[in-house]
Amino acid sequence: MPINPKQLNSGITSTWCPGCGDHFILSALNLALQKLNCNHEDILIVWGVGCAGNGADFMKVYGMHALHGRALPTASGAKLANPKLKVIVLGGDGDGYGIGLSHFIHTARRNLDLTYIVHNNQVYGLTLGQTSPTTEKGYCSKSTPSGVIEEPIKPIELALSSDTTFVARAYYKELKEMSELFYEAIQHRGFSLVDVLQICPTFKRNNTEEFYQEYVSPLPESWDRTDKLKAFEKAQDKNKLWYGVFYQENGKPTYCDELDQITDKTPAEMYRELEKPVGIREILEQFR
Ligand code: SF4
Ligand code: MG
């Protein structure tokens, strides 16, 4: 069934706070899915745990709400079972760069063909405002009343050094650009990261829209997205938060390309062709 924009809404009332950047990210994803113009059954969305993960309730798609920090391995399993699926993963900065950080690095170095969209608001919002791995040094919160003493994780540099083949940053208020970045990331063959700078007006009060407006800027039109060293340099700019595609490497084999077991027929298709498909109970019996 082709994706119909009106049918993407589950009808469940959003629990996100008014003004939260999550609303914008959801709208941008809807726009990107419309532009993709594919069928519902061609797309799987996996959510992590956090405010971002609550999006699982608001979208009517084939999807799964994974465990905290485990959205990427869950998505990896789905992709291996059916490499023809376009698999999109959504989660927050705490989920992806803290609890699930090792999965992020390993998924990147495998170049699994997944799209990872991170709602980066620099705070654990769902658990009421503790510092996250991307919170800046010095920030005072309930969990760090004297201020954070560590340096924050830098998602763009981390993705580049982990060999991510599509590295982008979006800004939540630039809806059209953000949806275009999502679209490009989904179309990219290989692991893609879109780190989205968003506000959490309830718990991260210093990162306001006004703050971002002062620092964000689109990458120049002439930007060469094949130059990894320049991408590192740009990501480290202390005066600007650049958004757009920092780096893209096309043609690198994906993890599924490298696996002999994956042929034209996906494991899911082979399973369907079994004369006598094995049920989940029979599989579980073998582990008793
Ligand atoms: Fe958004 Fe923050 Fe509210 Fe969570 S707590 S829904 S991130 S504003
Ligand atoms: Mg967060």
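These legends walk through several close-up views of a predicted model.

**View 1. The magnesium ion (ligand 2) and its protein donors.**
Three residues reach the magnesium ion here: Asp 93 through OD, Asn 121 through OD1 and Val 123 through O. These donor atoms lie 2.1 to 2.2 Å from the ion. Along the chain, the donors follow the spacing D-x27-N-x1-V. Asp 93 belongs to helix α4 (residues 93–99), while Val 123 sits in the loop between β4 (114–120) and α6 (155–161), so the pair ties together parts that are 30 residues apart in sequence. Are these two residues buried or exposed? Asp 93 has 2% relative accessibility and counts as buried, and Val 123, at 3%, counts as buried too.

**View 2. The residues around ligand 1.**
Look for Cys 17, Cys 20, Cys 51 and Cys 200, which are among the residues around ligand 1. The shell also includes Trp 16, Asp 22, Asn 121, Gly 125, Pro 201, Thr 202 and Phe 203. Sorted by class, the shell has 7 nonpolar, 3 polar and 1 charged residues.

**View 3. Helix α5 and its buried face.**
Which residues of helix α5 (residues 101–110) are buried? They are Phe 104, Thr 107 and Ala 108. Seen down the axis of α5, the buried residues fall within an arc of 100°, so they line one face of the helix. Their cover includes α3 (71–81), α4, β4, α6 and β6 (192–197). Just after the helix, Asn 111 takes a positive phi of about 50°.

**View 4. The largest nonpolar core.**
This core has 40 residues, and those with the most contacts inside it are Leu 33, Ile 45, Ile 117, Phe 182, Val 194 and Val 196. Elements that each supply at least two residues include α1 (21–36), β1 (43–47), α7 (175–187) and β8 (241–248). The largest share, 7 residues, comes from α1. A second, separate core of 30 residues includes Val 87, Ile 156, Trp 223 and Trp 242.

**View 5. Val 196 and its contacts.**
Let us zoom in on one residue of the largest core. Leaving out residues up to four places away in sequence, Val 196 touches Ile 25, Ile 117, Val 118, His 119, Asn 120, Ala 170, Tyr 172, Met 178 and Phe 182. Two of these partners, Ile 117 and Phe 182, are themselves listed with Val 196 as residues with the most contacts inside the core.

**View 6. Positive phi at Leu 128 and Asp 163.**
Most residues other than glycine have a negative phi. Leu 128, however, has a positive phi near 80°, and Asp 163 has one of about 70°. Leu 128 lies in the loop between β4 and α6, whereas Asp 163 lies in the loop between α6 and β5. Leu 128 is partly exposed, with a relative accessible area of 46%, and Asp 163 is partly exposed at 35%.

**View 7. Thr 165 and its partners.**
Thr 165 lies in the loop between α6 and β5. With 0% relative accessibility, Thr 165 counts as buried. How far apart are the C-alpha atoms of Thr 165 and Phe 191? They are separated by 5.8 Å, although the two residues are 26 residues apart along the chain. Beyond its neighbours within four places in sequence, Thr 165 is in contact with residues including Asn 111, His 188, Phe 191, Tyr 247 and Lys 252.

Definitions and conventions. Residues are numbered from 1 along each chain as its sequence is written. Chains are lettered from A and ligands numbered from 1 in the order in which they are written. This is a predicted model: local features need pLDDT of at least 70, side-chain atom pairs count only at pLDDT 80 or more; totals for chains, interfaces and linings use all residues. Side-chain values use heavy atoms; hydrogens and water are left out. Donors are N, O and S atoms within 2.8 Å of the metal (3.2 Å for Na, K and Ca); water is not among the atoms, so sites may look incomplete. Helices (H or I, at least four residues) and strands (E, at least two) are DSSP runs, numbered from the N terminus. Buried means under 20% relative accessible area, exposed over 50%, partly exposed in between (1.4 Å probe, protein chains only). A residue is near a molecule or strand if one of its heavy atoms lies within 4 Å of it. Ala, Val, Leu, Ile, Met, Phe, Trp, Tyr, Cys and Pro count as nonpolar, Asp, Glu, Lys and Arg as charged, and the others, Gly among them, as polar. The arc is that of the directions from the helix axis to the C-beta atoms. Contact means heavy atoms within 4.5 Å. A nonpolar core is a set of buried Ala, Val, Leu, Ile, Met, Phe, Trp, Tyr and Cys residues joined through side-chain atoms within 4.5 Å.
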